[in-house]
Amino acid sequence: MHTETAHSHEAMLFEEREFGFWIYLMSDAIIFSLLFATYAVMRHATAGGPGAADIMELPTAAIETALLLLASVTFGMAAVALEDKRRNAILVWLGISFLLGAGFLGMEIHEFIGLIAEGASPQRSGYLSSFFVLVGTHGAHVTAGLVWIATAVAQLMRTGPTEAFAARFKRLGLFWHFLDIVWIGIFSIVYLPGVLQ
Amino acid sequence: MRSLYRVVKNLLPLNINLSRAGALTAFMAMALPLAGCTGSSDYPVIFPHGPDAITERDLLFIAVAIMLIVVIPVFVLAVWLPLRYRASREAPDYDPNWDHSHRAEVVIWLVPALIVCAIGSLVWIYTHRLDPYRSQMAEGKPVVVQAVSIDWKWLFIYPQQHLATVNELVLPTDRPVSLRLTSTDVMTSFFVPGLTSQIYAMAGMGTRLNFQPGPVETYTGRNSLFDGKGFPDQKFPVRIVTAENFKNWIDTVRKAPLQLTPHKYQMLSKSGAMPHPLHFSSADPELFARIVKGEHSAASMIVSSRSK
Amino acid sequence: MLGKLTLHVLPLYSPIAMSGAAMELLGVLFIAALITWFGKWRYIWNEWLTTVDHKRIGIMYVVLAFVMLFRGFSDAFMMRMQQATALNGHGYLPPEHFNQVFSAHGTIMIIFMAMPFLTGIINFVVPQQIGARDVSFPFLNSVSFWLTAAGAALVLTSLVIGRFTTAGWTAYPPFSELPTSPGSGTDYWIWAVLVSGVGSTLTGVNFVVTIIKRRAPGMSLMQMPLFTWAAFITAILMVFAFPGVTVAAALLGFDRFLGMHFFTADAGGNAMNYINLFWLWGHPEVYIVILPSFGIFSELVATFSSKRLFGYVSLVYATMVIGILSFTVWLHHFFTMGSSADVNSFFGIATMVIAVPTGVKIYDWLLTMYRGRIRLTSHMHWTLGFMVAFVIGGMTGVLLAIPPVDYVMHNTLFLVAHFHNMLIPGSLFGLLAGYQYWFPKAFGFRLDEWWGKTSFWFWFVGFYVAFMPLYVLGFMGMPRRMDYYQNPAWQPWLIVAAIGAVLIAIGILCLAIQLVVSIRRREELADLTGDPWDARTLEWMNASPAPLYNFAVVPEIHDREELAWRKERGISHDAPAHYTPIEMPCNTSTGVLIGGAAFVLGFAVIWNIWWLAILAFAGVIAATIVKGSVPEEEYTITPDQIAALESRGSGPLLGFLSPLEDERGDHSTHGLLNSIGD
């Protein structure tokens, strides 16, 4: 500690941030688990309105899943590119991840608008409220992820693949993959049983 | 579960002496602060008449007695230690580095743990024995009453007799009671201190409260869960009467001019307290089920009445 | 343009609410005028509002807590006066006002008094106790504080503009839904809880990381002082419990703002789900507000008994067990909802199990006193008073954990007496003792002992007089939250309780007098050594007030009670041979701006001023993005500067203008305090 160099000081800060981000994600995971629990509780609270079987479409959900998982793969490619500090490759892979994520979000919004137009709005029943809020909260997280990717791209163009960028990229990666895990939960708890019914 | 319950029950001799020991403790504890203040009827929780409420009171005092094993030493030590070891005395047995003792640790973990085991067994036994949902254990065909909490009054439907009252609950002393409860909108809690347990009434579902009414007695029941402006007025007399008086009372209500038509029910659903009891000489026995299903959509009616 | 804001939102419905609002506004204006008069705006902004120093953030938290204690106690006082006189409707408060008062009292005391108080003390003490220079995320710390302050400001605003909720501090639906709770009140509650809840979650993250990563070399987990342990478990509880209330309040907001049906009485809503979510947070929250005080008592007992803490390992495990079990007992808040006997028994027994580690703690403290040399200072008064009062609350807590007993005590004043019996001795006594204990470390002089003890006695006796009658009223079957009543037998006990409230009011007054008297006598009460209590832990190794970097040289840790260990060996104050430069984070205005924007966002949504809400939201996002994109600025303190600061020593208010400027002989802060104090 006495001979603390600037470099190790910075490395410690990055390490702390990553650890802190893990803790934050755990808190976020609890938010999602409570929303999952709420969805499970309200599963049959359709108040005579449409239920899971009426509003789920497997093809849409399958394509959404594919887009989001692919976005994680391409993000992984960006991480590989970062290992070798290939700035342009990182940019390209981040760009593709962004587009895939945006595609996911676009499909989700489209799905929501369609449901509302059919009268399956979140105001219709407790069940639909819980569906929209659970899936929508994930969607809001994806939006935040997209904004974050955009700022990461801007930072990369400004500073290049520095240590600071790499640390931030690592946290972004944690967040991005966390959203996959949540989505897999949504797919298997919300969409699959809905379709199989 | 049931067999486990029996095993625990047989292991513990406590249930035999429970009420006597409880009453004794109760007497000793209450004699001090309450003597000469007001009558025992002002303390329904301490001087209950309902069989359930009596067991609940006894449980309370037995648990206090058990816990005093840990609590009294704290009082004594928290006064004695600071006096005995105050710095100005410069006691020669000062031992600044004494910070561990296996024996002491074992005692301070074990004693509270044993006490929790003791009270925990009581919890298991009596939570089952006093379960508001338990099926009737006593003889006799239960009196069924359906209670509906409405802003800020209680509607009691007697489906077996096809009649209803507002803010008056009359029960015969010789038959068990099977109460079903719901609420038109907000959550409330049905509570008759001194008679039996309390239980929530919630919209869209029916809760249950089964109990023995005990001796002839009059109580004040109320909603104990805050539900707005008229909350303090949401109370009603509860009368436990003889079989004969119950019959007479039924006959009186049968002669009442009012009938609980859907229209009357809608009028009742508007928020407002009801200072005097109402009697309805006829009531639809299916009304309660329909209220639980939300078919009367009380929430929407309350919107219009509250916004005025 | 202004949404639902019209002149009707002013509290014209009740003259008492009007005067409360006027007092609040005058208070704000008075403080603003004072700062303007002394020309201190720049100082306040540069040195306090934009600070990222954990000590100053801690002090600001405690100041906020005292402001809210005053407001929350005023509410309590009004309630006691109301109920003392309200037989047959003779009270002075109309129901719509009384119902806001009890809702505001609970919300304020838990979320905006206890939480800032304990967070403030944790902030101030923990880094110094573990040999760190600051927390892991100083900027985030500033954001946390300003979000808490924004939530508190929303609650305070509700007295002036609009109303507060009448649905109680728990805001149970369906009553808190739009049909039965129209108007702004519940919306204020939702936004205040959400905004401050984010702040508390971030505080939790910050302290988990700080305690894991920033301990001085040699300090293993099992060598952390007990207050740090308590803070650590508290921080973990914050991280895992706060999502519960965030989700509950957010879904209630969706119901109210967007017409959804999570908890409504119709269309499939399920109010029981809210109650589960709320208490999934609410019960751990009880331990969030109590554990730090347990930590404080552990420090005080050892220090003022001049003896090593007895049963350290037991105390640590007891704290952990309490933390874990706190998540397994939430259902005991609603045994009367009709769960099966098996479920009720399980949660009842789980609740009682918590009494075991709690009892162990009490006995460990008692055994710490055994064969000690006890100095009966004001701090020890609070500690002993806590033990005597807390065991009664613990006993009534176990009673309420017996489901059949709860069936007859639930929702009565017995319950109210029980949780005040836990929280006033268990949380507040500890926090007040902590405030008096660490005050010299913050300001370089001690607080007056006589006024401290006088305050304690008024609090202690006032507590018994105010709350023992409520137990009795519970036996009489009196429900909580009654604006008026018709049973004359209740009134004598309510009058006694009101007298208790008067005694507590005098106790609070004594605290205020203590502060003023101590400021005036600060030279007499000066702490010139940095260790005024002959304490045992690391934070007392520094000067008082501690220099902004806390430790010129980060110490090596050898023992749980490091300072006592060093004093035994006579090496507590060895000056190091040389200093190395220290990097510290720069102050930033982003934290206070984010807090301000969060306040505006909440306010705008409550009143449907959508353009402003969008603007404020965009502001928060933009600030987050910008702050996240630029590296944190740091500045370097040179060895010469460190040497100068270290030679400054201890004394009243040293370094309070600015630690570095002080060396140039600028003492104008002292001028400010002199003119207030003399």
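Student: What is the count of salt bridges between chain B and chain C?
Tutor: The count there is one. A salt bridge here is a side-chain nitrogen of Lys or Arg within 4 Å of a carboxyl oxygen of Asp or Glu.

Student: Which side chains meet in that salt bridge?
Tutor: C:Arg308 and B:Asp99, at 2.9 Å, N to O.

Student: Before I go on, what kind of model is this?
Tutor: This is a predicted model, where local features need pLDDT of at least 70, side-chain atom pairs count only at pLDDT 80 or more, and totals for chains, interfaces and linings use all residues. Residues are numbered from 1 along each chain as its sequence is written, chains are lettered from A and ligands numbered from 1 in the order in which they are written, and side-chain values use heavy atoms, with hydrogens and water left out.

Student: How many residues of chain B and chain C are in contact?
Tutor: 87 residues of chain B are in contact with 88 residues of chain C. Contact means heavy atoms within 4.5 Å.

Student: And what area is buried between chain B and chain C?
Tutor: About 7,800 Å², and carbon and sulfur atoms give 72% of that. Buried area is the accessible area (1.4 Å probe) that two parts lose on being put together, summed over both.

Student: Which residues in chain B lose the most area to chain C?
Tutor: B:Trp98, B:Trp109 and B:Phe226, together 9% of what that side buries.

Student: How many residue pairs are in polar contact across chain B and chain C?
Tutor: The rule finds 23, with both residues at pLDDT 80 or more. A polar contact is a pair of N or O atoms within 3.5 Å; within protein, one must be able to donate a hydrogen and the other to accept it, and residues adjacent in sequence count only if both atoms are side-chain atoms.

Student: Which helix gives the most to the side of chain B that touches chain C?
Tutor: Helix 3 of chain B, with 16 residues. Helices (H or I, at least four residues) and strands (E, at least two) are DSSP runs, numbered from the N terminus.

Student: Switching to chain A. How many helices and strands does the secondary structure of chain A come to?
Tutor: Six helices and zero strands. The C-alpha atoms of chain A fill a box of roughly 70 × 35 × 25 Å along the principal axes.

Student: What share of chain A counts as buried?
Tutor: 52% of its 197 residues. Buried means under 20% relative accessible area, with exposed over 50% and partly exposed in between (1.4 Å probe, protein chains only).

Student: Which residues are buried in helix 3 of chain A?
Tutor: Among them are A:Leu68, A:Phe75 and A:Leu82. The buried residues of helix 3 of chain A pack against helix 4 (87-117), helix 5 (126-159) and helix 6 (163-196) of chain A.

Student: What comes just after helix 3 of chain A?
Tutor: A:Lys85, with a positive phi of about 55 degrees.

Student: How many salt bridges are there across the interface of chain A and chain C?
Tutor: The rule finds two. In one salt bridge, the side chains of A:Glu15 and C:Lys213 meet at 2.7 Å, N to O.

Student: Which helix of chain A gives the most to the side that touches chain C?
Tutor: Helix 1 of chain A, with 19 residues.
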